Amino acid sequence: MIESRATQLAVVSFVVTGALTAILMTGTRLPLSGSGSLGGLAAWCAAAGAGLAFAISFLVEASRGSDAWRSELPRAKRVFDVAALTLGTGMLAYLAITAIAALFGLGFRGLTVDPLGGGVLAGAAAAAMTYAAALAGSRTTSESIALLATAQLFIGTMASMVSSPDASWWQLHFSQLGNEGGTTGYRFNVSLIVTGFLLTVLANYIGHDVRTGLRARGRDDVRLVRTLCWLFAGIGMCMAIAGSVPDAENIFLHVGSASGMLVLFGVFVSVALRRIPGVPRDLVVFSLIVVIGIVIAVLLWIPFGYYNLTGTEFMAASLLFAWLMVFVRTISAYAEQGIDPEHGGLG
């Protein structure tokens with residue numbers, strides 16, 4: 001049923017996108033990438049198709065009892081979660097097709113496409129993104145949301161970097177990308193906002209996995225689960241605020257939000273590792289490695305001056321999201337009782 005629905009949605013996306021593209025291109029030939037290109041048109045269609053496919057699949061599976069625990073959440077939170085996941089999926093599809101079009105544009109310089117060929121290419125791109133999104137919406141887990149958030153931030157930042165008109169932006173910090181005008185600043189800030197929204201969605205999934213694991217061990221610490229959920233959601237909210245208020249508009253609020261993320265992250269890690277019973281030693285060791293790595297990254301900036309603030313931010317963000325993926329996978333295994341109680345490691 002899931003595969004059949006994904007295939008059907010992909011076919012619909014191909015037909016609609018192909019026809020729409022051919023109509024819009026009537027009498028013209030468009031380049032593969034750049035302003036007013038086929039790639040841009042295909043990216044928007046892919047975003048719409050992927051977002052709708054994800055939302056449809058997610059809601060259909062929810063109506064069939066998937067993730068029934070979400071019914072305990074307030075209706076407003078459930079609506080927000082679906083909207084955030086749909087937006088994140090759509091934007092990731094947009095960025096992916098834009099990047100692919102740019103790559104082919106470099107390989108086939110000077111090539112222009114007629115309406116028929118453009119319709120087929122755009123339809124194929126939209127169908128591929130729609131198919132993948134439909135499958136993702138049918139099997140939403142904490143791991144898939146964490147992967148979506150990580151890919152969203154990484155690809156969005158990369159897109160802003162390569163499109164920045166200021167070749168020396170990296171001499172300051174990553175927030176400088178958000179101060180740029182045009183698509184550069186828009187992509188960077190929106191990526192931060194959407195990633196922040198996705199992290200707030202992920203908070204409840206993490207809380208559910210923790211509570212499931214606790215219940216399997218004869219415990220049900222509702223207060224601990226609620227604390228972890230709010231701490232993690234706070235990280236996402238701080239990131240969304242940092243994206244909503246660029247450095248150039250209000251440096252105090254922007255920096256305060258960014259600093260708040262680090263503080264909340266530190267508190268979250270401390271509470272999770274100290275309060276969740278039976279946490280694998282592997283996770284504890286990896287967490288210590290990440291903390292040490294971040295400290296070293298800061299020291300390489302100040303006082304050693306090996307690189308600037310941009311290098312520190314890049315290293316710290318890479319380590320934090322690597323930790324996030326490991327933590328989410330470990331907690332998922334914890335919920336499935338995949339813990340070796342004798343050694344405290346993954347069984």
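P303 is found in the loop between α10 (281-301) and α11, where helices (H or I, at least four residues) are DSSP runs numbered from the N terminus. A cis peptide bond joins I302 to P303, with omega at about 15 degrees. Most peptide bonds are trans, and most residues other than glycine have a negative phi. D67 has a phi near 50 degrees, a positive value in a residue other than glycine. D67 is found in the loop between α2 (38-63) and α3. At 25% relative accessibility, D67 counts as partly exposed; buried means under 20% relative accessible area, exposed over 50%, and partly exposed in between, using a 1.4 Å probe and protein chains only.

This is a predicted model, in which local features need pLDDT of at least 70 and side-chain atom pairs count only at pLDDT 80 or more, while totals for chains, interfaces and linings use all residues. Residues are numbered from 1 along each chain as its sequence is written, and side-chain values use heavy atoms, with hydrogens and water left out.

Back at α11, N308 caps the N-terminal end of the helix, with a side-chain oxygen 3.2 Å from the backbone nitrogen of T310. F314 lies in helix α11 and, at 40% relative accessibility, counts as partly exposed. The C-alpha atoms of F314 and L177 are separated by 13 Å, although these residues are 137 places apart along the chain.

Another residue of this helix, F327, takes part in an aromatic pair. Rings of Phe, Tyr and Trp (its six-membered ring) pair if their centres lie within 6.5 Å; planes under 30 degrees apart count as stacked, over 60 as edge-to-face and the rest as tilted. The structure holds 10 aromatic pairs. One of them, F104 with F108, is stacked, at 6.1 Å centre to centre and 5 degrees between the planes. F104 is partly exposed, with a relative accessible area of 44%, and F108 is partly exposed at 47%. F268 and F327 form an edge-to-face pair, 5.5 Å centre to centre with 75 degrees between the planes. F268 lies in helix α9 (residues 251-275) and F327 in α11 (residues 309-335), so the pair ties together parts that are 59 residues apart in sequence. F268 and F327 are buried. F232, F265, F268, W323 and F327 form one aromatic cluster.

F268 also belongs to the largest nonpolar core, a set of 81 residues in which L202, F232, F268 and I276 touch the most other members. Helix α7 (residues 182-216) gives the most to this core, with 12 residues. A nonpolar core is a set of buried Ala, Val, Leu, Ile, Met, Phe, Trp, Tyr and Cys residues joined through side-chain atoms within 4.5 Å. Which residues does F268 touch, not counting those up to four places away in sequence? They are I206, L228, L231, F232, W323 and F327, where contact means heavy atoms within 4.5 Å.

T89 is found in helix α3 (residues 75-107). At 11% relative accessibility, T89 counts as buried. Leaving aside neighbours within four places in sequence, T89 is in contact with A50, F54, A133 and L148.

Definitions and conventions. Helix = DSSP H or I, 4+ residues; strand = E, 2+ residues; numbered from the N terminus. Polar contact = N/O pair within 3.5 Å; in protein donor to acceptor, adjacent residues only side chain to side chain.
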